[in-house]
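Shall we read this one together? Have the model open, and we will go through it feature by feature.

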Amino acid sequence: MSELEILIIMCILSNKDNKNKSFKTLTVDALNDNLTAVINFIDSFLEESCCPMKTQMQIDLSVEEIFVNIANYAYGDSVGKAEISIGNNHGEITVVLRDSGMPYNPLEKEDPDITLSAEERQIGGLGVFLTKRNMDSVSYSYENGQNILTMKKTL
Amino acid sequence: MQIQKKTDGAKLTLEISGRVDTTTAPELDKCITENAPGVSELVLDLKDMSYTSSAGLRVILKAQKMMNKQGKMIITNVQNDVMEIFEMTGFSDILTIE
């Protein structure tokens, strides 16, 4: 193989990672105490992306809801890791939350009935609902032993 | 998050500022629970509350249920973005917002 052929192959291989180059990732223990660090990580990235305040709030809210669910439920009584990645592709923000806890698709849960009175309303169930309403798209997959929750919002 | 308390007879006003999220909502919950006995009118002034997640909504709903039994609760000065959250979740229908 010539040197030129080797260079071309290396260029093609490195370009495969291009779509992930702009992603930043934070890995933390999935504990509520780490929520502030997670939100600070998200906010730093969004500020660099010149994200409007309202959109930042909506993304913060969605990340909080999913992260807290991982912290509270994914690992039972043990402590596991949560991986939070964020990227900006031409003004479309993508946030991916991964955990290796028990398989669970939060999107399968029914939305709460928001027409009920105060007395009838359940205390919980709003987190995923708010995420779905605030992000442009939310999707779930389970791969290689990981729950993967992907959310997107255009700035 | 900071909470400023103002008492006027059986009326208690809590001025909540900053972010009410999973880490700060328990403090708000505790403040309401500890100060509610004997209160017939609870006012939550949200002029400086910039953010709430479902954790904050849970505390507000719990307070509303409690005050339904002993008097009333009023929410005032809601910021636009927070108002959107209230509307999205139907809270604007179950809370008294002025």
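**Reading the contacts**

Q: Which residue forms a salt bridge with E84(B)?

A: A salt bridge is a side-chain nitrogen of Lys or Arg within 4 Å of a carboxyl oxygen of Asp or Glu. Here K54(A) pairs with E84(B), and the closest N and O atoms are 2.2 Å apart. In this predicted model, local features need pLDDT of at least 70, side-chain atom pairs count only at pLDDT 80 or more, and totals for chains, interfaces and linings use all residues. Side-chain values use heavy atoms, without hydrogens and water, while residues are numbered from 1 along each chain as its sequence is written and chains are lettered from A in the order in which they are written.

Q: How many salt bridges does the rule find across the interface of chain A and chain B?

A: The rule finds 2.

Q: How many residues of each chain are in contact there?

A: Contact means heavy atoms within 4.5 Å. By that rule, 28 residues of chain A touch 25 residues of chain B.

Q: What area do chain A and chain B bury between them?

A: Buried area is the accessible area (1.4 Å probe) that two parts lose on being put together, summed over both. For this pair it is about 2200 Å², with 59% on carbon and sulfur atoms. M57(A), A118(A) and I123(A) supply 26% of the area that chain A buries against chain B, more than any other three residues.
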